[in-house]
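I wanted to get to know this structure before reading anything about it, and I kept short notes as I went. The entries are below, in the order in which I looked things up.

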Amino acid sequence: MNAIVKPAQDVRVEDKLFQNRYLVDAGRPHIKVAPHETPSAALLALTRICPAKCYEQNERGQVEITPDGCMECGTCRVLCEAKGEIEWNYPRGGFGVLFKFG
Amino acid sequence: MIEEKFDAIVVGAGMSGNAAAYTLASRGLKVLQLERGEYSGSKNVQGAIMYADMLEKIIPDFREDAPLERHIVEQRFWMMDDSSHTGMHYRSEDFNSDRPNRYTIVRAQFDKWFSRKVREAGATVLTETTVTELIQDAYGKVIGVRTDRRGGIVHADVVVLAEGVNGLLGTRAGLRTPPKPETVALAVKEMHFLPQEVIEARFNLRGDEGCVIEAAGTISKGMTGLAFLYTNRESVSVGIGCLVSDFAEAMESPYALLEDFKRHPSIRPLLEGSEVKEYAAHLIPEGGYRAIPELCGDGWVMVGDAAQLNNAIHREGSNLAMTSGRIAAEAIFQVKSRRDPMTKDNLILYKKMLDDSFVIKDLKKYKDMPNLLHTNSQNFFMTYPQLVSKAAQNFLHVDGTPKLDKERETTRAFVKARSRLGLIGDAFRLALAWR
């Protein structure tokens, strides 16, 4: 059978996040990545599976986070907190994503 | 922050937290509810289907003013391959009763309403306040919470942990372990707005009638997952979720998965011309009975998603949340009425009451399902949907092939894909886990 669905690899998450309301706590990121030389498989996976694409590799191959578009789901915590690869908190009260519909 | 001591502090204003806070306050207890969002509901994400029976037990006349979207008259379950779906639909006029059983809701709006009820019942609700830590005495008894407000320590006889699926406070206090990648699903969803009459025409609905589509198959690319489409009054919620461990292994991007689902030829026409107004992500507890942590201890109880109370097979969560919140509150009220201390020995009443309810009974019934679906995800989410689709197409395609030959071909396809023993084994394992 022909697969007539084209894979949606062209989709930009930025366009999706643009619809959301956020109150960014500037200078106080609620998630931090621990310093590392080479990222673990789990940390690397976050660059693909974080639903807000907050994680990206820098030019040295290390994984960095910009949590401005974070939807506070906890996926990265579930994968990486136990081994100390990331530090995960909720944003301060009132900050972060504000769902209009949820 | 607040000098006075409370009978109970409820952490979180989702379904379970609101149910607990409302029930406690209605019974005359002095309640403080803490919510980190701008308003109750601003951090909450759900499909969302709301179950009337469980809300009726808390607020019997909720239909008078609760913001309900549509009552559900039609349920569709679709098994999908890349170009088809094989559907099981159930629609009944009986669902058009005076007191419908299930409604679609928009959580931010519904939660605002629920929170108003909590305030009216007499609870103090403090929003924009993140609880950072549980305060324990020298013996480990929870005696209050620390918040991120200035001087933010508040004391109470008991803390109701309704903090949601991540269970951050419970984990930090050593009351539970964090969720594991194979026991939580990551779901992403979008809100698609369409004119009311367009939704009604596309889904064959009149007035407040609603339709629900749930779909599984190749759309999750071999991962254990489920997609959904719920009709609201003027919007359609579309989403897909898969186990976090599967996402990590397959390195699939959740928004690309959602995009593929939306572009599926069976879904695309239903969303044509819609305006997307929000994109959300959330974790769903999927570990079932075996993933439930300790439900109570000295000075605390755990309810809702925080206690991983979610029936993944029936896609029920909010009702288990509301019920556990209500039951925890009733247990606390009983202990309080007897003037007994909020110790584990006394609060175990909550666990006993929950064990006797549908919440634990249902989760126990399906205790082996999460493992079965996870370890056989390729078969259940790729192989079988494709086989079923091929069988249906073979059955419906009229080309002069004798029917007997067609049936043989279908049987051969099933045997070739899974072997006779494999088919029997799958059926047996499924039946056993379902029992």
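My notes go from the chains and domains to one helix and then to some backbone details.

**Entry 1: the two chains.** I kept in mind throughout that this is a predicted model. I began with the place where the chains meet, and found that 39 residues of chain A are in contact with 52 residues of chain B. On the chain A side, I noted that α1 (13-17), α2 (41-49) and α3 (75-80) each contribute at least two of the residues that touch chain B. Sorting that side of chain A by class, I got 23 nonpolar, 9 polar and 7 charged residues.

**Entry 2: domains of chain B.** I then looked up the domain assignment of chain B, which lists domain 1 (5-68 + 105-179 + 290-366), domain 2 (184-285) and domain 3 (370-434).

**Entry 3: a helix in chain B.** Which residues of helix α11 (residues 358-365) of chain B are buried? I wrote down B:Val359, B:Ile360 and B:Leu363. Looking down the axis of α11(B), I saw that its buried residues line one face of the helix, because they fall within an arc of 85°. I also checked what these buried residues of α11(B) pack against, and the partners are α9 (318-337) and α10 (344-355) of chain B.

**Entry 4: backbone details.** Before this entry I reminded myself that most residues other than glycine have a negative phi, and that most peptide bonds are trans. The peptide bond from B:Gly47 to B:Ala48 is cis, with omega near 20°, and I located B:Ala48 in the loop between β2 (31-34) and β3 (49-51) of chain B.

I next looked at B:Glu128, which is not a glycine and yet has a positive phi of about 50°; B:Glu128 sits in the loop between β7 (124-126) and β8 (131-136) of chain B. Since B:Glu128 has 18 C-beta neighbours inside 10 Å, I recorded it as partly exposed.

B:Asn204, also not a glycine, has a positive phi of about 60°, and I found B:Asn204 in the loop between α5 (196-202) and β12 (209-217) of chain B.

Notes:
Residues numbered from 1 in each chain as written. Chains lettered and ligands numbered in written order. Predicted model: local features only at pLDDT ≥ 70, side-chain atom pairs only at ≥ 80, totals over all residues. Helix = DSSP H or I, 4+ residues; strand = E, 2+ residues; numbered from the N terminus. Buried ≥ 20, exposed ≤ 12 C-beta atoms within 10 Å, placed from the backbone. Contact = placed C-beta atoms within 7 Å. Nonpolar A, V, L, I, M, F, W, Y, C, P; charged D, E, K, R; others polar. Domains from an automatic or database assignment. Arc of directions from axis to C-beta.
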